[in-house]
Amino acid sequence: MKKNKIITGIGCLILLLTAGFVCYRNMTPADRYHLEVMKLGEDGYGYKIYEGERTIIVQPFIPAVAGKRAFRAEQDARRVGNLVLERIEAGDEFTISKGDLEYLGIVY
């Protein structure tokens with residue numbers, strides 16, 4: 001009787017782990033990654049990118065610009081963060097250049 005419960009429990013555990021693995025593998029990159037814009041002090045913004053619940057990028061400053069300057073507007077941080085997110089999801093190099101900032105209309 002005890003053996004049957006143990007075998008049933010192990011079988012259920014294996015089934016749950018297999019189902020979780022299959023669901024994770026079938027997730028699209030858009031389901032896997034997300035962006036969060038963060039307020040920094042009185043007048044600055046940055047962003048974080050997550051893979052599931054794990055933080056993979058914290059960007060409190062405008063990338064590709066000398067010095068530590070936060071984004072002036074939430075929309076600026078969101079535009080750059082979304083570009084990085086798109087590149088990650090596509091499997092591309094996700095670094096940001098000054099040309100990218102100019103294309104997005106980011107004032108620095």
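**Notes on the predicted model**

1. Start on the outside. Ile6, Ile10 and Ile14 make up a nonpolar patch on the surface, and together they have about 290 Å² of accessible area. Ile6 sits in helix H1, which covers residues 2–25. Keep in mind while looking around that this is a predicted model.

2. Now go inside. The largest nonpolar core has 20 residues, and the ones touching the most other members are Tyr47, Ile49, Phe71, Val80, Val84 and Leu101. Strand E1 (33–40), strand E2 (44–51), helix H3 (74–90) and helix H4 (98–104) each put in at least two residues of this core. H3 gives the largest share, with 6 residues.

3. Next, the strands. E2 and E3 run antiparallel and are joined by 5 bridges.

4. One more backbone angle to check. Most residues other than glycine have a negative phi. Ala64 is not a glycine, yet its phi is positive, about 70 degrees. Where is Ala64 found? Ala64 lies in the loop between strand E3 (54–59) and H3. Is Ala64 buried or partly exposed? Its relative accessibility is 36%, so Ala64 counts as partly exposed.

Conventions:
Residues are numbered from 1 along each chain as its sequence is written. This is a predicted model: local features need pLDDT of at least 70, side-chain atom pairs count only at pLDDT 80 or more; totals for chains, interfaces and linings use all residues. Side-chain values use heavy atoms; hydrogens and water are left out. Patches are made of residues with over 30% relative accessible area and no salt bridge: like charges are joined within 9 Å, nonpolar side chains (Val, Leu, Ile, Met, Phe, Trp, Tyr) within 5 Å. Accessible areas come from the Shrake-Rupley method with a 1.4 Å probe; for residues, only the protein chains shown count as cover. A salt bridge is a side-chain nitrogen of Lys or Arg within 4 Å of a carboxyl oxygen of Asp or Glu. Helices (H or I, at least four residues) and strands (E, at least two) are DSSP runs, numbered from the N terminus. A nonpolar core is a set of buried Ala, Val, Leu, Ile, Met, Phe, Trp, Tyr and Cys residues joined through side-chain atoms within 4.5 Å. Buried means under 20% relative accessible area, exposed over 50%, partly exposed in between (1.4 Å probe, protein chains only). Two strands pair if DSSP finds at least two bridges between them.
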